[in-house]
Amino acid sequence: MGWGGSVGKFDAVLTYNTGTYNQQVLTTGNALESTSILAYSLGRSVSEIVTVSFNGTKVLTNSDKGTQLQDEFWMSLEVAY
Amino acid sequence: MLKKMTTLLIFGAFTVSGLQAQEVEVKEGMTTKPLVGHQHVENVAEGFVPDVSGYVGVVSSYVWRGVPQGNRATSVQGGIDLAVDGLNFGTWIASIGGATGNETDYYVSYEGDAGGLGYTVGLTLYSYDFKAFKEITKDGKGVQVTTQKEFFVGASYGDFSGTYYMVPAEDSTYAITDKATSSTALNLL
């Protein structure tokens with residue numbers, strides 16, 4: 001479920017995610033599961049084709065199986081062509 | 001794995017023909033796939049005008065649906081899409097590093113709208129290098145788990161959207177010494 005709009009001079013994205021999945025192969029056998037996550041992003045165009053953004057996730061509910069997920073943060077720089 | 005959580009992003013677009021467009025892209029993948037410029041390429045066949053768009057970028061950490069990839073290492077990513085009358089084809093590549101190597105995804109989807117309600121259906125094929133995982137087999141017969149299909153269907157209305165993803169049981173990932181505990185992924189994005 002998602003929402004996209006503007007917050008001041010930034011483009012904002014807010015998504016709520018629910019479900020179960022695992023990444024056992026990628027994590028060498030350690031299952032990672034979650035049941036609900038809130039993801040957010042604040043982005044701003046610095047030119048016609050270049051955008052920077054700050055992104056993060058907030059784990060709302062962890063599954064009782066597998067390795068617990070935790071909140072994440074990351075920066076992004078993108079150039080469209 | 002990858003591409004992930006759907007992201008709603010608004011990007012300015014440009015075209016070689018001078019057309020200007022603004023578009024809301026619903027991308028699979030939380031985060032990183034996204035700012036897509038639009039480039040109209042005139043085709044010799046009249047009436048056949050595909051949209052070609054793409055991007056390259058770098059993220060400080062590649063996070064897929066809340067799960068960090070590659071031990072939170074910097075990832076270089078990029079993709080290219082071709083759209084024709086609601087039909088979309090594309091590929092997306094990301095460096096993950098470590099044992100996984102690189103990820104290359106391919107996807108096809110169809111999108112449209114009816115009465116203000118947008119919809120999309122599609123299929124994504126995830127593939128990984130798995131440089132250090134070549135001993136892993138899916139069925140014990142030596143088949144490497146390097147690809148995974150995921151079907152998705154979504155709808156949007158105004159600024160809101162939702163997408164359901166499902167990985168068929170036969171594509172469920174298997175651990176080194178254990179079977180997957182879940183074969184279905186359900187995400188509302």
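## A tour of chains A and B

From the N terminus on, chain B runs β-β-β-β-β-β-β-β-β-β-β-β, which comes to 12 strands and 0 helices, where strands are DSSP runs of E with at least two residues and helices are runs of H or I with at least four, both numbered from the N terminus. What you have open is a predicted model, in which local features need pLDDT of at least 70, side-chain atom pairs count only at pLDDT 80 or more, and totals for chains, interfaces and linings use all residues. Residues are numbered from 1 along each chain as its sequence is written, while chains are lettered from A and ligands numbered from 1 in the order in which they are written.

**Start with confidence.** Colour the model by pLDDT, the predictor's confidence in each residue on a scale from 0 to 100. Chain B has a mean pLDDT of 68, with 54% of its residues at 70 or more. Select residues 132-137 of chain B, where the pLDDT is below 50 and the model shows 11 contacts beyond near neighbours in sequence, a contact being two residues whose C-beta atoms, placed from the backbone, lie within 7 Å. Residues 174-186 of chain B are also below 50, with 39 such contacts in the model. Where pLDDT is low, the predicted coordinates should not be read in detail. For the complex, the predictor gives an ipTM of 0.86 and a pTM of 0.72.

**Select the largest nonpolar core.** Such a core is a set of buried Ala, Val, Leu, Ile, Met, Phe, Trp, Tyr and Cys residues joined through C-beta atoms within 7 Å; buried means that 20 or more other C-beta atoms lie within 10 Å of the residue's own, exposed means 12 or fewer, and partly exposed lies in between, with C-beta atoms placed from the backbone. The largest core has 10 residues in all: Leu69(A) and Trp74(A), together with Val59(B), Tyr62(B), Val63(B), Trp64(B), Val67(B), Trp92(B), Ala94(B) and Ile96(B). Strands S5 (62-64) and S8 (87-97) of chain B are the elements that give two or more residues to this core. Of the 189 residues of chain B, 39% count as buried.

**Stay on S8 and select Phe89(B).** This residue is found in strand S8 of chain B, and Phe89(B) counts as partly exposed because it has 15 C-beta neighbours inside 10 Å. Leaving aside neighbours within four places in sequence, the contacts of Phe89(B) are Leu82(B) and Val108(B).

**Move to chain A.** Its pattern along the sequence is β-β-β-β-β, and 41% of its 81 residues count as buried. The mean pLDDT of chain A is 81, and 77% of its residues reach 70 or more. Residues 24-29 of chain A have a pLDDT below 50, although this stretch has 23 contacts in the model beyond near neighbours in sequence.

Select S1 (residues 2-7) and S2 (residues 10-18) of chain A, which pair in the antiparallel sense over 6 bridges, pairing being counted when DSSP finds at least two bridges between strands. Trp3(A) has Leu14(A) as its bridge partner in S2(A). Between the two strands of this hairpin are 2 residues, and Gly8(A) in the turn has a positive phi of about 65°. In a regular strand the side chains alternate between the two faces of the sheet. On S2(A), Asp11(A), Val13(A), Thr15(A) and Asn17(A) form the covered face, whereas Phe10(A), Ala12(A), Leu14(A), Tyr16(A) and Thr18(A) form the uncovered one.
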